[in-house]
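User: Hi! Could you walk me through this model? I'd like the overall picture and then some local detail.

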Amino acid sequence: MRSSRRSALWLLFALAACVAPRERRHARVVLCDAGQVLAGDERALAAGRVVLRVEERDSDRDLEAAVATLARLGIPHAWWLEVARSPSLADAHPEHMASLQGHDEWRVLAPDAPRAADGSVLKVHPWVPLTTAEGFELQRARLAARLAALPPADEVYLADLQGAPSACGCGHPRCRWATDYFLATPDSPRAISSGTPLGPEAAARFVAALRPAARGATLIPVWMAECDEADELCHGVPCFAGACWPALARQWAPLVAENERLAVLVLEPARVERELAALVHLERPNSPPIALDRTRLVPVVAAELPGAIQLLTDLEQSFDVRLWR
Ligand SMILES: [Zn+2]
Ligand SMILES: [Zn+2]
Ligand SMILES: [Zn+2]
């Protein structure tokens, strides 16, 4: 009995030794574009799982070919679906683009940007967030059609379920909580809405609304933490201490309640611990307290870190300010 247990143990160790390098290799998850897979990028072809970027610039044909290449190598794929940033919707429905009607400190970054007179509004092109009922339905229909045109995957990441960059007008690209932040300024003397506000449940409802189009895939919301004082990118607006974090908490709470796994778009390796810590334990005035297990969050970062998705490509996050009407 004792000897058979010993040999069983030995067999287990031998097996573990055999599979360990392969398992380690297979644990690595990368986020890349179809072109990298098709060009034979070793970092993608040696990964255990490849998350493929699906932005409007990525063609279905290339994505399909990339999936076929990965399938031949036995590498499972997932989709990284860009939600809010959509040039096609922005051009077809400019009224539903996010607006800049808050602080105007962003102007130091774009001194030549137009000025809005009464009756017109500055828009954040090409961002059409799902935080209004109109943007929600446009994005749901667009992404359901996109998923139907692509081969199935077992996981679909949903990126940019928040507002547009510089949402409060401070100029920080991580301020994402608002679609319309109405402050009366000389530039926006009266509020011009981008649509019917859906409130803090919008992102969670969007994930649920896209589920029928996901063909059984697990949907994984991707979130971005708000601005940090240490960034010094808010150009003097104290938004990190004001509206940003309570607003984020109100939107983050329903997502956390309804989705087991969540990805966090961190980008810079030096920010990982700070941003994850900020999202797992949130207690701010005027907002719901949030406490969740750190292991539910997967950081997306431009470096190879244990437990993270390694970002190998660029994600379009830019915007330009345009006058509408
Ligand atoms: Zn801000
Ligand atoms: Zn902010
Ligand atoms: Zn800020």
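Predicted model: local features only at pLDDT ≥ 70, side-chain atom pairs only at ≥ 80, totals over all residues.

User: Great. How many helices and strands does the chain have?

Analyst: There are nine helices and twelve strands. Helices (H or I, at least four residues) and strands (E, at least two) are DSSP runs, numbered from the N terminus.

User: What share of the residues is buried?

Analyst: Buried residues are 42% of the 325 in the chain. Buried means 20 or more other C-beta atoms within 10 Å of the residue's own, exposed means 12 or fewer, and partly exposed is in between, with C-beta atoms placed from the backbone.

User: Let's switch to α8. What is its span?

Analyst: Helix α8 covers residues 244-258, and its 15 residues reach 22 Å from first C-alpha to last, close to the 21 Å expected at 1.5 Å a residue. That expected span is 1.5 Å times one less than the number of residues.

User: Where does α8 bend?

Analyst: At Trp 252, by about 30°, and Pro 254 follows within four residues. The bend is the angle between axes fitted to the seven residues ending there and the seven starting there.

User: Which elements cover its buried residues?

Analyst: Among them are α7 (202-210), β6 (218-223), β7 (262-267) and α9 (272-280). The buried residues of α8 include Trp 245, Leu 248, Trp 252 and Leu 255.

User: Is Ala 253 buried or partly exposed?

Analyst: Ala 253, also in α8, is partly exposed because it has 19 other C-beta atoms within 10 Å. Leaving out residues up to four places away in sequence, Ala 253 touches Pro 288 and Ile 290; a contact means C-beta atoms, placed from the backbone, within 7 Å.

User: How do the neighbouring strands pair?

Analyst: Strand β5 (residues 155-159) pairs with β6 in the parallel sense over four bridges, with Glu 155 opposite Thr 218. Pairing requires that DSSP finds at least two bridges between the strands. β6 and β7 are also parallel, over two bridges, and Trp 223 has Val 264 in β7 as its bridge partner. The path from β6 through α8 to β7 is a right-handed β-α-β crossover: with the strands pointing away from the viewer, the path from the first strand over the helix to the second runs clockwise.

User: Last topic: which backbone spots deserve a look?

Analyst: Most residues other than glycine have a negative phi, and most peptide bonds are trans. The bond from His 125 to Pro 126 is cis, with omega near 0°, and Pro 126 lies in the loop between β4 (121-125) and α6 (133-149). Arg 215, not a glycine, has a positive phi of about 50° and lies in the loop between α7 and β6. His 235, not a glycine, has a positive phi of about 50° in the loop between β6 and α8.

Conventions: Residues numbered from 1 in each chain as written. Chains lettered and ligands numbered in written order. Contact = placed C-beta atoms within 7 Å.
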